[in-house]
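Here is a short report on selected parts of one structure. Keep the sequence and the 3D view open while reading.

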Amino acid sequence: MATTRPSGRQFPTDFLWGSATASYQIEGGVHEGGRGPSIWDTFSHTPGRVLNGDTGDVAVDHFHRVPQDVAIMRELGLQAYRFSIAWSRVQPTGSGEFNQAGLDFYSDLVDRLVDAGIQPVATLYHWDLPQALEDEGGWANRQTAYRFADYARRMAEVLGDRVRLWTTLNEPWCSAFLGYASGAHAPGVTDDAKALAAVHHLNLGHGLAARAVRSVLGEGTPVSVTLNLHVTRAASDDPADVAAKHRIDTIANEVFLGPMLLGAYPEQVFADTAAISDWAFVQDGDLELIRVPLTLLGVNYYATGLVRAGAPAAVTPGEPGPDGHRAAEHSPWVGADQVEWLPVAGPYTAMGWNIEPQGLVDLLLELRDRFPDQPLAITENGAAFADEVSADGRVHDADRVAYLHDHIDAMGAAMDAGADVRGYFVWSLLDNFEWAYGFDRRFGVVRVDYDTLERTVKDSGRWYAELVRTGTVPPAEVAATL
Ligand code: FCB
């Protein structure tokens with residue numbers, strides 16, 4: 001795959017360059033240090049749920065390799081590291097007693113990052129809900145939002161002197177709709193009404209947790225949330241197709257942007273989902289709690305989607321669907337059963353996702369127009385490819401280099417046009433457990449050999465390090481020579 005955009009763009013000197021991971025995808029050590037089970041332990045151990053029966057039991061053994069992994073980041077010159085805290089490692093049942101060994105694990109990680117000159121960016125929830133809370137209804141249960149705030153408060157007390165930015169939730173769309181509607185992700189529930197309740201309780205949890213962190217550390221404490229805003233286009237100007245796109249925008253994006261940034265749900269969602277839910281779970285005062293000033297709005301961007309009006313085509317469960325998500329018997333698109341997802345033109349990554357840097361420009365410019373005073377960060381962007389180790393022992397992942405090159409340039413173009421982007425986090429530091437695809441899809445800029453757990457910096461990692469060092473987008477071709 002060739003690059004499609006120019007090299008050489010310069011970024012501001014105070015722009016923050018980092019990498020991202022998530023607890024269940026890298027840690028392993030699931031029975032160690034007093035950690036309790038999470039919904040991803042249960043799900044991955046349920047036959048048929050994860051490709052090849054893979055689990056995060058060992059993952060990439062980060063639990064035992066923190067010093068080494070931090071050393072790799074230091075070697076790459078990374079300025080920030082976005083990691084997530086496994087709630088059930090620090091509070092095994094999601095309520096009550098905290099687990100000192102778990103708190104110590106993250107405290108040690110954060111200390112090592114600070115010593116290495118890397119800013120710790122902590123995500124409080126990247127999908128691994130304590131199983132004990134799921135047993136009480138999970139995110140479909142309002143109480144989970146309050147438990148989440150209690151946990152957030154404790155983490156602020158323990159890590160608040162060193163964490164530079166707090167993120168409440170990662171991609172609540174996935175938690176709600178892959179978790180409770182399509183069931184392609186943990187907890188694997190297929191109940192549209194519960195998915196909508198989960199949307200609201202995730203929103204509420206976000207607001208309560210942000211307030212809890214700030215109540216401990218002060219009102220000016222940097223807090224963010226990360227959304228996977230879907231960039232979807234209508235197949236034509238036909239009003240029916242435009243309405244189909246609007247329906248997806250509403251259930252994919254606006255149900256989070258609305259409450260979090262504007263203090264209200266979009267009216268359309270009540271109409272679109274009237275047959276499924278009366279939204280009685282939204283209580284008086286909730287919307288005031290959910291809306292908090294965000295220091296940064298985190299944006300994860302990978303690909304785009306294409307829709308038109310009509311009945312959805314049949315999908316093959318287990319395969320990537322035309323919407324980019326792993327297909328299941330049940331659709332994640334609650335209230336959008338008359339929307340058809342069409343295949344998008346390639347090229348594609350190993351996830352079957354189309355490669356379209358312009359989608360990132362479009363998204364950032366839309367956010368600039370709609371929320372001109374809201375600073376942004378790209379909290380995830382990256383690509384899976386079928387990497388190979390060459391005879392020289394290196395991983396010449398030219399496709400990934402090209403992907404990063406073009407998307408980072410695209411981000412810069414949006415910044416030139418006024419998008420207020422403050423940082424970029426490549427997904428991912430390490431190859432890891434890619435959820436329902438297990439270890440089959442590699443996203444790292446550092447390779448992990450799944451037999452020996454040995455780490456090897458890929459060409460993309462070297463190229464990214466050069467970008468961080470110079471603040472300028474290096475030509476993709478240099479990657480193999482660095
Ligand atoms: C995002 C997730 C992240 C990773 C990437 C590929 O949806 O936040 O954990 O799996 O996709």
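## Strand β7

Leu296, Gly298 and Asn300 point one way from β7, while Leu297 and Val299 point the other way, and all are buried. Side chains in a regular strand alternate between the two faces of the sheet. The model described here is predicted.

How many residues of β7 are buried? The count is 5 of the 5, so β7 is largely enclosed by the rest of the structure. Buried here stands for under 20% relative accessible area.

β7 has strand partners. Strand β5 (residues 223–227) runs parallel to β7, and 4 bridges join them. In that pairing, Ser224 stands opposite Leu296. β10 also runs parallel to β7, again with 4 bridges.

## Ligand site

Which residues are around the ligand? They are Gln25, His126, Trp127, Asn170, Glu171, Tyr302, Glu380, Trp427, Glu434, Trp435 and Phe443.

For Asn170, the corresponding distance is 2.9 Å. For Glu434, it is 2.7 Å. On its own the ligand has 290 Å² of accessible area, and the protein covers 95% of this.

Helix α13 spans residues 357–370, 14 residues in all. From its first C-alpha to its last it reaches 20 Å, close to the 20 Å expected at 1.5 Å a residue. Its buried residues are Pro357, Gly359, Leu360, Val361, Leu363, Leu364, Leu365 and Leu367.

What covers the buried residues of α13? The cover includes the strands β6 (231–234), β7 (296–300), β8 (304–309), β10 (376–380) and β11 (421–427), along with helix α14 (398–416).

Thr349 sits in the loop between β9 (339–342) and α13. Its relative accessibility is 8%, so Thr349 counts as buried. Leaving aside neighbours within four places in sequence, Thr349 is in contact with Ile355, Ala383, Ala384, Phe385 and Tyr403.

## Helix α9

Helix α9 covers residues 192–217 and has 26 residues. From first C-alpha to last, α9 reaches 37 Å, close to the 38 Å expected at 1.5 Å a residue. This helix is mostly covered, with 19 of its 26 residues buried.

Now the two ends. At the start of α9, a side-chain oxygen of Asp191 comes to within 3.1 Å of the backbone nitrogen of Ala193. Gly218 follows α9, and its phi is positive, near 115 degrees.

## Asp431

Is Asp431 buried or exposed? At 0% relative accessibility, Asp431 counts as buried. Its place is in the loop between β11 and β12 (446–448).

The side chain of Asp431 has two polar partners to inspect. One is Arg442: a polar contact of 2.5 Å joins the two side chains. The other is the backbone nitrogen of Val448, which the side chain of Asp431 reaches at 3.2 Å.

Not counting residues up to four places away in sequence, Asp431 touches Val60, Asp387, Arg442, Phe443, Gly444, Val446, Arg447, Val448, Tyr450 and Lys458. One of these, Phe443, is also among the residues around the ligand.

Methods:
Residues numbered from 1 in each chain as written. Predicted model: local features only at pLDDT ≥ 70, side-chain atom pairs only at ≥ 80, totals over all residues. Heavy atoms only, no water. Helix = DSSP H or I, 4+ residues; strand = E, 2+ residues; numbered from the N terminus. Expected span 1.5 Å × (residues − 1). Buried < 20%, exposed > 50% of the residue type's maximum accessible area, 1.4 Å probe, protein only. Contact = heavy atoms within 4.5 Å. Near = heavy atom within 4 Å. Polar contact = N/O pair within 3.5 Å; in protein donor to acceptor, adjacent residues only side chain to side chain. Areas by Shrake-Rupley, 256 points an atom, 1.4 Å probe, with all protein chains shown as cover. Pairing = 2+ DSSP bridges.
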